[in-house]
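Thank you all for making the time this morning.

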Amino acid sequence: MNGCRINYELTGPANAPALVLSNSLGSNFEMWDAQMPAFAKTHRVLRYDTRGHGQSEVTPGPYTFEQLGRDVVALPDSLKIDKFSFCGLSMGGVTGL
């Protein structure tokens, strides 16, 4: 995706509204573990490791928020998710902006 292998997990009811979760700097999608039981009851949750984090590929830098934002759009598109809510913390929040 956009020249990078992105690690992700998709959980929750297939027919539920989609929610994309974006991690903070220096973390991975596991930072959302405590919230997952509640989120996965009502949403189809897509959480991913931002490029250069967790198990996602480390591509040559520097990275830009425009590039990270394009990743956020491309990942749901590749999974046929047309509409989603977005929640990001720290760097993940800025990525969503």
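Predicted model: local features only at pLDDT ≥ 70, side-chain atom pairs only at ≥ 80, totals over all residues.

Let me begin with Lys 80, which is exposed, with a relative accessible area of 69%; here exposed means over 50% relative accessible area, buried means under 20%, and partly exposed lies in between, with a 1.4 Å probe and protein chains only. Lys 80 sits in the loop between helix 2 and strand 4 (84–88), where helices (H or I, at least four residues) and strands (E, at least two) are DSSP runs, numbered from the N terminus. Its phi is near 65°, a positive value in a residue other than glycine. Ser 90 also has a positive phi, near 60°, and is likewise not a glycine; Ser 90 is found in the loop between strand 4 and helix 3.

Residues are numbered from 1 along each chain as its sequence is written, and side-chain values use heavy atoms, with hydrogens and water left out.

Let me turn to charge pairs. Side chains of opposite charge can pair when their charged atoms come close. How many salt bridges does the structure hold? There are 4 salt bridges, each being a side-chain nitrogen of Lys or Arg within 4 Å of a carboxyl oxygen of Asp or Glu. In one of them Arg 47 pairs with Glu 9, with the closest N and O atoms 2.8 Å apart. Because Arg 47 lies in strand 3 (residues 44–48) and Glu 9 in strand 1 (residues 8–11), this pair ties together parts that are 38 residues apart in sequence. Arg 47 is buried, at a relative accessible area of 6%, whereas Glu 9 is partly exposed, at 27%.

Arg 47 also forms a salt bridge with Asp 33, and there the closest N and O atoms are 2.7 Å apart. This pair, too, links distant parts of the chain, since Asp 33 is in the loop between strand 2 (18–22) and helix 1 (36–42), 14 residues from Arg 47 in strand 3. Asp 33 is partly exposed, with a relative accessible area of 38%.

Another salt bridge joins the side chains of Asp 71 and Arg 51, at 2.7 Å from N to O. Asp 71 is in helix 2 (residues 65–78) and Arg 51 in the loop between strand 3 and helix 2, so that the pair links distant parts of the chain, 20 residues apart. Both partners are buried, Asp 71 at 3% relative accessibility and Arg 51 at 2%. Returning to Arg 47, salt bridges that share partners join Glu 9, Asp 33 and Arg 47 into one network.

Leaving aside neighbours within four places in sequence, Arg 51 is in contact (heavy atoms within 4.5 Å) with a list of residues including Met 1, Cys 4, Tyr 63 and Gln 67. Gln 67 is found in helix 2 and is buried, with a relative accessible area of 17%. With residues up to four places away not counted, Gln 67 touches Arg 51 and Pro 62. Pro 62 lies in the loop between strand 3 and helix 2, and the peptide bond from Gly 61 to Pro 62 is cis, with omega near 0°.

Now to the interior. A nonpolar core is a set of buried Ala, Val, Leu, Ile, Met, Phe, Trp, Tyr and Cys residues joined through side-chain atoms within 4.5 Å. The largest such core has 9 residues in all, among them Cys 4, Ile 6, Val 20, Leu 46 and Leu 75. Strand 2, strand 3 and helix 2 are the elements that give two or more residues to this core. A second, separate core of 5 residues includes Leu 21, Trp 32, Met 36 and Val 45.

Finally, how many disulfides are there? The count comes to 0, a disulfide being a pair of cysteine sulfur atoms within 2.5 Å. Cys 4 is buried, at 4% relative accessibility, while Cys 87 is partly exposed, at 29%.
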